[in-house]
Every structure is written in C-alpha cells, then in structure tokens.
Amino acid sequence: MPKHELAYVQLLESVFQDRLELLNPPKGEPSPEYALGVAQAGDDARKKLEKVVTLLLRDGSVPSEAHKLLSLWLKELHTPASSQLGEQVLLALDSHPQAQALQSLRKAFPYRARWILNSDSWASDLGLGALHHLLASGSDVNLLLLDTTPPGQGKGKKDAGLYALNRGNVYVASVALYSSYAQVLQALQEAADFPGPAVVLAYLPFGESDHTPALEVLKETKRAVDSGYWPLYRWDPRKKEPFELDSEVLKADLSDFLARDNQLSLLESAGASTLLQSLGEQVRQAREEKSKLAYEHLLRGLGGAKVNVLYASDGGRAEKVAKRLAGRARARGLQAQAWAMDEVGVESWLGLRGNGEGKGEAAGEGGEEGYTVFVTSVAGQGEMPQNGRSTWRALGALLPKSQDAPAPAPAQPAAPPLQGLKYSVFALGDSRYWPRPEDAQFYNKPGKELDARLSLLGGERVAPLGLGDDQASDGPETGYALWEPELWRALGVDGVEVIEAEPEPVTNEHIKISSNYLRGTILQGLADESTGSLAPSDGQITKFHGIYEQDDRDIREERKEAGLEPAYAFMIRVRLPGGVCTPEQWRAISQIADEHGNGTFKLTTRQTFQFHGVIKRHLKPAVQAINRALLDTIAACGDVNRGVLCSALPALSVLHKETWALARKISDHLKPRTSAYHEIWLDKTLVAGEAVKDLEPLYGPYYLPRKFKVAIAVPPNNDVDVFCNDVGLIAIADQAGHLAGYDVCVGGGMGVTHSNKKTYPRLGDVIGFVEPGEAHLVCEKILLVQRDNGNRKDRKNARLKYTIDRMGLDVFKLEVEKLLGHPLAPPRPYRFENNLDQWGWKQDLEGKWNFTMFIENGRVQDEPSKPYKTGLTEIAKVHKGTLRLTANQHLILAEVDEAELEGMKALLRKYKLDNLQYSGLRLSSSACVAFPTCGLAMAESERYLPVLIDKVEKYCEEAGLRNDEIVMRMTGCPNGCARPYAAEVAFVGKAPGSYLMLLGGGFYGQRLNKIYRETVTEPEILAILKPMIKRYAMERNPGEHFGDWTIRAGYISPTTSGKEWYDGMGGNV
C-alpha cells in the first residue's frame, strides 16, 4: 500500500485500537467481494450468538450471576463494553452444557469497528457492483473510500457519495486528512457508531503514488477544499438535520454549490446524470424521487434568512460566542456563518457589489432578507479588538464630514450609507476591569460605540444592544441569556423548537485525545509552505513538544494593513532539569539562537533556555540541533510535568548534587512516553512497522488537566520559590549536613484571570516528610491524584491548587498516601531566609569557585557596552566546569578550579560580566518576556521593567536604600510566569501602559502579596512609590523587609491563603 494511503490505516488503528477489524487488510485479500463475505460471515455469527444467548436467558439452569452478564451483554450488544462482558460470560458459563457452543462463537462477542478500505474503483459499476451490495445488505460495515483523482482527471467517474446519499439510510461523510484532521476523526467515530452501512469518502490526491511529496498532496487538498471541488461534510440520517457542512465555501451559497459538477450535487452534476443513465429504469425513477426529497430537505434546512455573525475578538472568547450563535441560528433553519469582522467588507453587509458574490453577504441575488449580528470583546483600554479595527475605521470613513461652510443642499437627500442594514450587537466586557469611576466608560466601549455608529449610519437595530458582564452571576451568559431570545424574535424563529443537542465545544481535552498521543497533524503543518503558522489544534499540541506559536506583535498591525498574515514565529523551550548545562551545551545553545532564532535567548524562571523568533521551516532543524547537544524540548510546556527546579546556589554544593540528581530523576520519571516527539522532530521511524502503538502509563491519552510544576529547595535559601509550585520538596539535612529527606508541600500556583474571583494565586501547604529514595514516587502519586480529580471542564480552575481547595487538603493527602501505600511522616523543621541569588564569587565545600552573574531579566544578547552573549560563548570555550541557570533568570559560572580562577576573572572582566554594581532593587527584580512575542501579553514587561527601575531606584538612593533588596517583579499578563504574586511589590499587565499593583509579599516567598491598586500607569506608580520608599527608610525596624513593613504600616493587609487573596484588596492607605 502506498505510504499516503497507509496513513489512513494508521489513523483507523489509532482511533479504534483493539476494536478495529479491517476486513481487507493491506497484506491480505484486497477484493471487495472477499471483504463483504467476511462481513456477512461476521453478521451471521453474531446473529447466531444472539440466538444462543436468548435461549440461555430462558434456561433455568443458568446461574444468576451468569444470567445477569448475559442480559448486560444483550443490552450492550452494539457498544465496546460487549467485549469485556463476553469474556465474563465465557468464564461464568465455563462448565455449562452450552459452553462449547459459546466458545465456538467467541469472536462474535465483541462489537467491532468493521472497516473496508479501498479506492474509488468501487464506483465503476454502482448499480450491480460491490458498493450496491454493501449498501443494500444493511450490514453494520464501514467503507473508507479513497479518492485519489485531482480535479479534471476523473472524467465520467461516478459519485459514490451521491449514490450513498440517495439511499437515505446510510451514514455518509466527505473528509480530507490533509485539510481537517479533527473532522476526519469525528467522521470515522460517527461512522463506526452508526447502526448500519457507512461510507466515508476520503480525498487523497496522488495517493496511489509513493513519489508524490506530502507537500504536494497537502497543497492539492487545500485547493480542492477551498474551491469547493471537495467539500467536507457529514450526513447522519439519525439527526433531525442530517447534513452538516464542515468546510467553508466563501463565495457561494448552497444552491450555487449544488449546481456545480462536484461530489455533492444531488440533481445537476454531470456525475449524477452519468449515474442515472447507467441504472435501470425502475432504479432510475426511485433515485429521482429520493434525490428530489433529499434536495428539498437540504434546502428546507438551509434555506432560511441569511445571518452573518461578525466577531471582533483578541482572546478568542467573542469568537466562541459568535460561532456558537451561528450554530444555533443554523439549527433554527437560518443560513448563518461566523466571520472575523475584518474578513468581511462593509459593502458586503448589504450586497452592494451587486453580483451576488462576496463573503458574508446579507442580501443575495434573490433579494432575500438578511441580517448582520456583531459580537465584540474589549482590547486594551476600551479599544476595538485587532480583527475588528479595519471595520471600525471603515465605518468612521462613512460618517458625515464636518465642514466650515454649509454645502448647498442636494436636489435629493442622499440615503444613509447603511440604509437597509438590519443588525444587532452583543458586547462582552468586565465592569470591574477598570474599577475607578472615571474609567467606567471603558466597560464594553467597543460594542456600545459600534451599536451607536451603525444606527447613526442608517442601520436598523432589530434587537437591543446586549451586554455581557464578567461580574454577573453567570458571567457574560447572564446578559446573553436575555439578549438571544430578543434576536430570535426579531428574526422570526423564536417559535422554532430545537430538539437536537447543541454540539459540545471543542476544548483542549478533545484536542489531546484526538491528537494520537501528541501527533496531531504537526508533520503536515510543517510541510505546508503556504503559511507561517500551524493549525490551531496543532498549536495546542506543539506545547507538549516545548514549542509555542507566536507572532511579532510590534508589526502585526502594519502587516495586516499590507494584506499580509502576521509575522509568525515560534518559541522553543528546552527541558533542562535543575538548570545545569555543560560548556559544550552552552555553545550549542548560543549557535542555535544565531542560526535558527532571533540571535538572542532567554534564561527563564524555570531554569532553562528559551528561543524566540524561530520561523516554521527552522523548527525541525532547531530541535535536531538541540538533540545533538544531548538536550530535548519534550514536556517543557503542555499539560504534563514541566521543567523541575532545584536550588542552584554554590554554597550548597554538598546537597546540590543530590537535589540535582533528584530533579533529573523526577523529570525523566514523569516524562511523557509517546514516540511522537522522535517521529516528528528527529525523523525516527514509527514503531512496529509504522503502526501507531503508543502507551502513556502515567498520563493516559488525556494527559493532565493543566500544567504541573515541581521544585526542590535547599534551606536557608528559597531561590526556586518552592511554595509557588504544584509540588515543592524542601531538602532536610541531618546533623552531619547530609541529606535526610524532604518535606513535601503541595498546591502552589501563580496563574490568575483578571477580575475573575474564582481564580487566585496560592502557596503550597506542607503535608509531610519523605525519605530521599521515595521522593520521585511521592511526586508521581500527587500527579496521579491531580490527573484523576482535576477540573477538565474549566481550564481556568484546572490547576492542582483548585483541586486541593475543592477536595480539602486532608482528603487530598489521604488519596496520595493511599497510592503511596503508607502515611507520610510528620514534616521536619526548616528555616528560609530569602529567595534571591547570592552574587559574586563563592567557594564551595569542595574548594571549587562559583560566580553568580547578573543577567537582567535573563536575556542573553550583545548590546553596546554589554557583549554578554559573545563573552559567555568565549568563556564556555575554556571553562571545564558547568554553568547553572537560576530560577531568578541569572547565571552561575560553576565549579571553577583554583588554577583556572584568574583566567576566568579576566574573561568576566573583559566582557563586563563581573559588574555587580547594581542597586539592590535591580538585582532583586525579574520580568517575563511579554511584548513583542508573547501572544498572551497585555502590557510590556521585560522591555519596560528596567526603564521603570531606572526611575524608582533614584528614590531608593535618595532614601539611603541603594543596596537594600526589595523584590520587585513584573509580568505582561496575569498568568504569573515571573512569580509576581510572591514578590514584595509587583506589577501585572492589564493593557498597554496599565498595570495591577500588588504589595505585601514575603521576602523569602512565604506569603502572597495582595492587590493594592487595580489600575496604575507609570505616573501613578511613581507617585505611590516615592513617599512609600521614603517612609520605609525612616520607619522600618532593624532587619524588617519592605513587604513586611507595608503590612505593618497599614498599606495592605496580609494574605493568609489563596482563597482569601481578594479580601482587603485595594489597600488601606
């Protein structure tokens, strides 16, 4: 079988696994007659088994337990559960007189997914051929029919999908693996679940050849789907509205689409007429009648008023609401589609181009009634989201121009520009996001202004403006529930009863389970040169491979204006447990940044390397180069255990070796086992002859509900912020200074959603003590409890911290101990003093020297007067020890022998890496990346914090606090990558130039801070901090840290737990 066709076999194997029964396997008998014979024999055996089971149920000698199993098997006859029940029946009746009869029918017990795989040669003689026999038999058999003929090369070819549709009682789907992987999976599952014949037509151009590159197959597939030659659809006779179009044909409505010579036309295609001529007269008349009924049915289902749902959405929430609304409109018989606002020209709302074409028309050639519905969210400080700004400007251009002198009145007044537009607007916002009274205008500002402007330009508002507020009892759904009925009433479909259940929205959980153990369609996406991005679903899966899709947000608007797609590039994160690398690895990382990235790399708060600006065609070479450096990126991101931190401080060298070894052990032990990483990035052959047979013993196919982080701290230094992690291990030394074991803390986590009080940061709770040899197993058991109990319905509440608060700490601990097999020992005492790095040269207990250098916010690059990247590369050429990355984004030149010390000092001095003459505030600061690459950033962070510190440290110097350490952190969004909620003072981005300000965190990470001001700009930050720093210098007690003082001085109340984080927010002074 050609390799492209084999992909479908592998897909069937991965979806159905043990349930799959391929009736004509590639290496077996390929003829359709043979396959049908096998299917018929299977049907006969199952019917015979049903008869035997029915007789046994009437047999009084059958034991009660066996009788119950037999009843259950009949009930689950057409479900996967029938397989296990069958085995139980055979065991229960092992000594019964009918045991031999049952054993002879053993293979008939399981309900299998039976598939026949073949080419479209089956369509050569539809009336009398194998396809006819299959469909006429009514057998529960699925046919996967590969169409390998590109447009224009299949003259006279009959349409198997059309033929199957005309039978009426057959499941039919049209799919294309190289177009929509998720749709293929859905169609295969629906076909297997359908109780009768099912035909899945799969487009695979040039699939019969091994010589056609996958890229050509991908391009041809995209052309066929985008042009409408190969529409993606599903027809399920069980549903009230059986037809579902899964592809978007932008410039044609259904009647135009059906009139084309393509694979779906029921009445007018050349293929249909060829089909009818080849059938006998009686069959022809029957087919005509069925075609007429099917055609009328389709038009009834899709022939209502047109509704264009246009959304403006940055974070995706308004987009989801819009697409859900469009789906609900279709369920009510309306012709509805959802588009990003800027994808549809303003003139198209009214069909002003006059040719009946164009995306998103509200009125077509027939003059049918049409409506335009807008769904908006809010960006920045009351701004229109990016994919609606062009539309907003276009509407502004239609407004009347003000003139100094009145123009002469025209003979006939001009009609308003949007006369005839029938519209409604629903806006999503947060009335607490900008809490000050003077900022109330920003609440749902884009939606309110859009509604007013459309009315001003002559549009007719058919339903009142709807407002969804995050602060309402049910969030935006509270306002939406009031608005939607008004819309249906205006559209005249309020009386339509929708019986069919609304499709479940596709979530990360769906994407994970359908990814085939983290494969998705990443390989196909990498081969697609038509775009710099990957499919959205693959963008979720690549995170598990340590890769995030991003774009350059500095030039996003300009590229959009030029008609270009965003400047897509990718972030790659390395898995580096404990943050230790060799000089050879450092040089490799630096070279990879130059050859495949943007020339710089970042030392992260997770003690690892991060590359930015890697374009798609450089992804695989970059990962392969990382692999050659004996490193990898698997599980650096995603819903798995991520990088494991451990204390990097040089003075702790005795315990560091053991904790670093444990960090590596935990990372390897909890690493995903899928071979997808090696197949995709390292070109390794699929296991077992290219058949997908992966197994995740810890994670299962769903992996975890959310990310999972582990850190190991060595008192008295909490440089890894151990309490901020899902699992924290605190090393406990015995009286001789050797490792005795670890105190275990659980439930830390930083991520928050602005104004959503169901989300909050949390510090971990200590639950017990574990000996060194069992520490990695405790981490595993905690992970397993989270896997089985974490919230998979709401990712915002899916982290371990919420699981613990929902279950209760004591219950959670008991579940961990149950899996561990014994109770945890009581925790042992420890003492932390700070969570910062220890600067300069330090000699460890083994006599080696270690130098901790300052790398501001972890960015390794060459700048004027700061040639750090070049200098570190030169040092790595001669260094014989290791380099350690700290969790505060800095670097330790470690394990320098006494004989090499002076040479290293000279190199550090040459490249200005020995400069530690910074203020205590700057040395204690850290920031996440944020703009321009992070897609989640709402404000600047890495590029702005040094500028802000320039100004704030002047106040420190004036107050005599230049060398005093004040832990200041900044992030561009509330996800908390730089651990801002454990800082003494922190700023969290809300919009460009606007931040949440927090105070009162513990100096060594033992206490969360609290929201002091919900919105501050730079002038306000400086106005707050200047007198506060002065007071601190004058009023502090000996040894009192800034965070503690802000609480004693009454600026803020202490945070006692994550759930109480919002109590007392806003401060007292």
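A cavity here is a set of points, on a 1 Å grid over the protein atoms alone, where a 1.4 Å probe fits but cannot get out. Points are joined across faces, edges and corners, and a volume is the space filled by probe spheres set on them. Before you click, know that this is a predicted model, with local features needing pLDDT of at least 70 and side-chain atom pairs counting only at pLDDT 80 or more, while totals for chains, interfaces and linings use all residues. Residues are numbered from 1 along each chain as its sequence is written, and side-chain values use heavy atoms, with hydrogens and water left out.

**Stop 1: the largest cavity**

Select S755, I1011, E1014, Y1062 and M1065: of the 14 lining residues (those with an atom within 4 Å of a point), these are the closest to the centre of the largest cavity. Its volume is about 150 Å³. The lining splits into six nonpolar, four polar and four charged residues; Ala, Val, Leu, Ile, Met, Phe, Trp, Tyr, Cys and Pro count as nonpolar, Asp, Glu, Lys and Arg as charged, and the others, Gly among them, as polar. Now colour domain 3 (638-684 + 698-835) and domain 4 (921-1060): both contribute lining residues, so the cavity lies between them. Those bounds come from an automatic or database domain assignment.

Stay on S755, in the loop between β22 (739-746) and β23 (765-770). S755 has a positive phi of about 70° although it is not a glycine. Most residues other than glycine have a negative phi.

**Stop 2: the mixed sheet**

Next, show β31-β32-β33-β34-β35, an open sheet of five strands in that order with mixed pairing. Strands (E, at least two residues) and helices (H or I, at least four) are DSSP runs numbered from the N terminus, and two strands pair if DSSP finds at least two bridges between them. At the edges are β31 (925-927) and β35 (1010-1016), each pairing on one side only. From one strand to the next, the twist averages 15°; axes are lines fitted to C-alpha atoms, for helices over the stretch in contact, and angles run from 0 to 180 degrees between N-to-C directions.

Helix α32 (945-958) packs on this sheet, touching β31, β32 (968-971) and β33, at about 145° to β32 in direction. Contact means heavy atoms within 4.5 Å. Helix α33 (1018-1035) packs on the sheet too, touching β32, β33, β34 and β35, with its direction at about 140° to that of β35.

Zoom in on β33 (985-991) and β34 (994-999), which run antiparallel and are joined by six bridges. Which residue of β34 is the bridge partner of V988? Pick L996.

Between β31 and α32, find the loop that holds P932. F931 and P932 are joined by a cis peptide bond, with omega about 10°.

**Stop 3: the antiparallel sheet**

Now bring up β14-β15-β18-β17-β26, an open five-strand sheet with antiparallel pairing. β14 (547-551) and β26 (859-860) each have a single partner strand, so one side of each is left without a neighbour in the sheet. Helix α22 (616-628) packs on the sheet, touching β14, β15 and β18, and its direction makes about 15° with that of β15. To finish, click I572, which stands opposite F611 in β18.

Key
1 Å grid on protein atoms, 1.4 Å probe; cavity = no way out; pocket = protein on both sides within 12 Å on 5 of 7 lines; lining within 4 Å.
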